[in-house]
Amino acid sequence: MSAARTRLIAALDTASYDQASQWASMLEGKVDAIKLGLEFTYACGLDAVRTLSERHALFLDLKLHDIPNTVAAGLKALAPIRPFLTTIHALGGPEMIARARGALEEAFNGGPDRPKLLAVTVLTSMNEQSLTEVGIDSTPLEEVVRLGKMAIQAGADGLVCSAHELTALREELGHKPELIVPGIRLVGNNVDDQKRVMSPTQAAEAGADWIVVGRPITRAEDPAAVAQAIQDELKTASS
Ligand SMILES: O=C(O)c1cc(=O)[nH]c(=O)n1[C@@H]1O[C@H](COP(=O)(O)O)[C@@H](O)[C@H]1O
């Protein structure tokens with residue numbers, strides 16, 4: 001059972017501003033935040049991201065991964081959008097992560113309202129075989145824990161991981177780091193390109209702070225009803 005209630009982020013993955021705006025409106029009050037990522041940002045631009053962020057708590061997920069100077073400068077440029085969460089790849093290494101954290105601190109004058117920096121560990125679309133294909137000779141669990149410890153030590157506020165690694169990460173890192181969990185599917189859902197999948201209840205019971213749900217909500221006939229059903233599941237799991 002988790003310490004605090006697990007909250008729900010809807011991933012609004014679309015190239016259409018009208019579609020994202022419509023989803024955001026119909027999910028208002030049903031989800032705790034929205035996530036905009038590569039597809040929406042590249043197709044619609046940062047002004048569109050800013051417009052949606054004025055009405056909804058925003059997780060801006062651009063998964064930056066470059067040399068430390070470029071990532072730090074990129075985050076500084078994104079800071080005026082004021083998302084409450086944003087992502088970089090843990091594989092960029094400790095110097096990149098430390099510079100990223102420093103850039104956010106600087107942009108917000110060390111204040112408490114800066115975006116929290118999340119390090120993506122091993123993408124939930126990867127399994128042991130996918131790691132072998134990129135030359136990593138570890139299980140996803142070993143790799144997530146190794147990268148997760150490094151990233152938190154380097155200055156990340158939290159991690160993106162699958163629900164399968166939550167227990168091990170909590171044992172290693174305690175309750176302070178924010179753990180954000182995509183790869184969520186409801187009973188009967190298609191898993192699509194996701195490999196390390198769990199249900200909202202399983203993620204909540206294993207200690208997720210936030211779950212990220214995209215297609216199970218956005219592809220549904222009634223997205224608001226699915227979001228409400230997930231919230232009900234999360235509430236039961238935390239009680
Ligand atoms: O950083 C992320 O949000 C992320 C990391 C990860 O390992 N896996 C993952 O699926 N995501 C994102 O979470 C969302 C999951 O979408 P669905 O598979 O449609 O629920 C997508 O927007 C992904 O970009």
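**Helix packing and its surroundings**

Author: Helix α7 (residues 140-154) and helix α8 (residues 166-173) have axes that come within 10 Å, crossing at roughly 35 degrees. The model is a predicted one, and what follows should be read as a description of that prediction. Seen as a crossing, α7 and α8 form a right-handed one. From α7, the residues that meet α8 are L141, V144, V145, G148, K149 and I152. On the α8 side they are A168, L169, E172 and L173. Sorted by class, the contact of α7 with α8 has seven nonpolar residues, one polar and two charged.

Helix α7 also has a contact with α5. The axes of α5 and α7 (residues 140-154) come within 8 Å and cross at roughly 40 degrees. An angle under 35 degrees would count as roughly parallel, and 65 to 115 as roughly perpendicular; α5 and α7 are therefore oblique to each other. The crossing in which α5 passes α7 is right-handed. P94, I97 and A98 of α5 meet M150, A151 and A154 of α7. The residues of this contact are six nonpolar, with no polar and no charged ones.

Follow α5 to its other contact, with α4. Helix α4 covers residues 68-78 and helix α5 covers residues 94-107. Their axes come within 8 Å, and the crossing angle is roughly 25 degrees. That angle falls under 35 degrees, the limit for roughly parallel, so α4 and α5 are roughly parallel to each other. Here too the crossing is right-handed as α4 passes α5. The residues of α4 in the contact are P68, V71, A72, L75 and K76. Those of α5 are E95, M96, R99, A100, G102, A103, L104 and A107. By class, the contact of α4 with α5 divides into nine nonpolar, one polar and three charged residues.

The phi angle of N109 is near 50 degrees, which is positive although the residue is not glycine. Is N109 buried or exposed? N109 has 8 other C-beta atoms within 10 Å, and 12 or fewer count as exposed, so N109 is exposed. Another residue with a positive phi, again not glycine, is D192, at near 55 degrees. D192 belongs to the loop between β7 (178-181) and α9 (200-205). With 14 C-beta neighbours inside 10 Å, D192 is partly exposed.

K63 is in strand β3 (residues 58-64). An unreviewed UniProt entry places the feature "active site" at K63. K63 has 16 C-beta neighbours inside 10 Å and therefore counts as partly exposed. Apart from neighbours within four places in sequence, K63 is in contact with T87, I88, H89 and V120.

Strand β2 (residues 33-36) holds I34. I34 is buried, because 23 other C-beta atoms lie within 10 Å. Residues up to four places away in sequence aside, I34 touches I9, A10, L12, A24, L52, H56 and L58. I34 and T218 are 184 residues apart in sequence, but their C-alpha atoms are 12 Å apart in space.

T218 is also one of the residues that P223 touches; the others are W23, M26, L27 and I217, not counting residues up to four places away in sequence. P223 is in helix α11 (residues 223-238). P223 counts as buried because it has 20 C-beta neighbours inside 10 Å. Between P223 and I184, which are 39 residues apart along the chain, the C-alpha atoms are separated by 15 Å.

In the model, the end C-alpha atoms of residues 7-230 lie 10 Å apart. That span is 43% helix and 17% strand.

Conventions. Residues are numbered from 1 along each chain as its sequence is written. This is a predicted model: local features need pLDDT of at least 70, side-chain atom pairs count only at pLDDT 80 or more; totals for chains, interfaces and linings use all residues. Axes are lines fitted to C-alpha atoms, for helices over the stretch in contact, and angles run from 0 to 180 degrees between N-to-C directions. Helices (H or I, at least four residues) and strands (E, at least two) are DSSP runs, numbered from the N terminus. Angles under 35 degrees count as roughly parallel, over 145 as roughly antiparallel, 65 to 115 as roughly perpendicular and the rest as oblique. A crossing is left-handed if the near helix is turned anticlockwise from the far one by less than a right angle, and right-handed if clockwise. Two residues are in contact if their C-beta atoms, placed from the backbone, lie within 7 Å. Ala, Val, Leu, Ile, Met, Phe, Trp, Tyr, Cys and Pro count as nonpolar, Asp, Glu, Lys and Arg as charged, and the others, Gly among them, as polar. UniProt positions are given in the numbering used here, feature names are shortened, and annotations may be inferred rather than shown by experiment.
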